[in-house]
Amino acid sequence: MEVKEVERIAKWDNTKLVLITLVVICHFYENYLGSSRLVNSLFFSVYSFHMPAFFLISGLFSKRTVNEKRIEKVTPYLLLYLFIKLLGWLVLRVIQGDGFVPIDLFRESGVAWFVLALFFMYIITFYTKRFRPAYVFTLSILIALLAGYTNADINLFSWLRIVVFYPFFYAGYVLSLEDLAKWMESAVLKIVSAIGLAGYFIVCYIGIDKIFWMRFLMTGRNYILLEHGALYGGLLKFGAYVVSFVLVFMFLCVIPKRRFAISALGERSLGVYVFHYVFINVYIHSFLYKYLFHNFPNTWLLLVSLLGVALMLICSLKPFDRFCRFVIANKWKLRE
């Protein structure tokens with residue numbers, strides 16, 4: 001029993017480590033979209049599953065907090081949201097040398113949306129837990145499909161992203177961690193999943209010119225941004241949900257359960273997420289942004305990817321992790 005527990009923890013640490021590394025690397029790629037077929041293909045294929053996987057995993061480990069309605073465990077996500085907003089605003093003011101530019105705490109289109117979404121997803125699940133899971137999950141999908149037709153301000157509290165990604169969080173909440181671990185132990189499923197992931201990337205690479213316009217379906221945006229087929233956005237989004245859920249399951253299947261020397265870094269994924277974009281902002285406004293692209297035409301993508309890995313390792317250092325743990329672990333006193 002003790003050995004299984006160690007293996008289970010290592011499995012999820014490895015998963016979070018791979019996911020947060022992909023997040024950092026793709027945030028670098030985002031600044032080079034359109035520069036090559038490979039960049040667009042990698043970006044599209046990773047965005048198809050990496051944030052859905054993060055939310056599903058968050059839901060998997062939300063059970064105790066949700067079932068006990070522990071609001072003091074959820075409130076710190078608001079503090080992290082405010083911290084990311086203020087830190088990003090301050091860094092940009094220093095880099096750009098602008099005069100006073102007001103900060104909008106209520107609208108978010110950058111990286112801070114993730115922790116804000118977690119806060120609201122926990123709050124929503126406090127109340128949806130009393131209903132039948134099949135009804136809640138189906139309704140959450142339907143609401144998300146319809147919400148994509150909105151003309152409203154989708155950056156206000158990042159509400160559309162919360163609605164779009166909530167089904168993944170809720171699916172994680174209702175799934176049994178033990179049953180999911182058993183399903184993922186099948187050797188056949190592991191092989192099929194590896195082939196499936198490779199095949200998906202190949203399809204994306206071959207057809208990226210025809211499907212890249214659908215990337216907004218993977219990032220929680222409304223259908224207005226689609227270049228084609230806005231009228232059928234709901235159907236396209238439903239197909240994207242199916243693809244994402246399948247990819248998330250295949251991705252979880254291929255992650256090894258053994259503990260490696262770097263597995264522990266997966267426990268520090270929140271610190272990486274909170275701080276990594278500060279460094280990316282500095283990179284974007286430095287000479288390196290264009291220097292690598294123009295002076296290393298054959299290897300710049302590899303160099304940018306290595307920069308992403310290096311940044312993940314830097315933001316995994318204990319000071320960054322300790323700050324996030326300090327915020328998350330505090331017992332914030334609230335009135336009933």
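A salt bridge is a side-chain nitrogen of Lys or Arg within 4 Å of a carboxyl oxygen of Asp or Glu. The structure holds 11 of these. This is a predicted model, where local features need pLDDT of at least 70, side-chain atom pairs count only at pLDDT 80 or more, and totals for chains, interfaces and linings use all residues. Residues are numbered from 1 along each chain as its sequence is written, and side-chain values use heavy atoms, with hydrogens and water left out.

**Exercise 1. Find the partner of Asp209 in a salt bridge, and say where both residues sit.**

Step 1. The partner is Arg37, with the closest N and O atoms 2.9 Å apart.

Step 2. Now place them: Asp209 belongs to helix H11 (residues 187-211) and Arg37 to helix H2 (residues 37-47), so the pair links distant parts of the chain, 172 residues apart. Helices here (H or I, at least four residues) are DSSP runs, numbered from the N terminus.

Step 3. Check the exposure of each residue. The terms are buried (under 20% relative accessible area), exposed (over 50%) and partly exposed (in between), with a 1.4 Å probe and protein chains only. Asp209 is exposed because its relative accessibility is 61%, while Arg37, at 32%, is partly exposed.

**Exercise 2. Which side chains meet Arg325 in salt bridges?**

Step 1. One of them is Glu267, at 3.8 Å from N to O. Glu267 lies in the loop between helix H12 (233-254) and helix H13 (269-284), Arg325 lies in helix H16 (residues 318-329), and 58 residues separate the two.

Step 2. Another is Asp321, at 2.7 Å from N to O. Asp321 and Arg325 are four residues apart in helix H16, so about one helical turn separates them.

Step 3. Compare the surroundings. Glu267 is partly exposed at 40%, and Arg325 is partly exposed at 41%. Asp321, however, is buried because its relative accessible area is 9%.

**Exercise 3. Describe the largest pocket: its volume and its lining.**

Step 1. Start with the idea behind the search. Rolling a probe the size of a water molecule over the atoms shows where empty space is left. On a 1 Å grid over the protein atoms alone, a cavity is a set of points where a 1.4 Å probe fits but cannot get out; a pocket is an open set with protein on both sides within 12 Å along at least five of seven lines; lining residues have an atom within 4 Å of a point. Grid points are joined across faces, edges and corners, and a volume is the space filled by probe spheres set on the points.

Step 2. The largest pocket has a volume of about 1000 Å³. It is lined by 29 residues, of which Lys16, Phe61, Tyr77, Leu270 and Ile328 are the closest to its centre.

Step 3. Several helices give two or more residues to this lining, among them helix H3 (50-60) and helix H7 (113-128). The largest share, six residues, comes from H1.

Step 4. Sort the lining by class: 15 residues are nonpolar, four polar and 10 charged. In this sorting, Ala, Val, Leu, Ile, Met, Phe, Trp, Tyr, Cys and Pro count as nonpolar, Asp, Glu, Lys and Arg as charged, and the others, Gly among them, as polar.

**Exercise 4. How many cavities of 30 Å³ or more are there?**

Step 1. The count comes to two.

Step 2. The largest cavity has a volume of about 60 Å³. Its lining includes Tyr47, Phe165 and Ser244, and H12 supplies the largest share, four residues. By class, the lining has nine nonpolar, two polar and one charged residues.

Step 3. The second largest cavity holds about 40 Å³ of space. Ala144, Gly148 and Arg221 are among the residues that line this second cavity. Its lining has five nonpolar, one polar and two charged residues.
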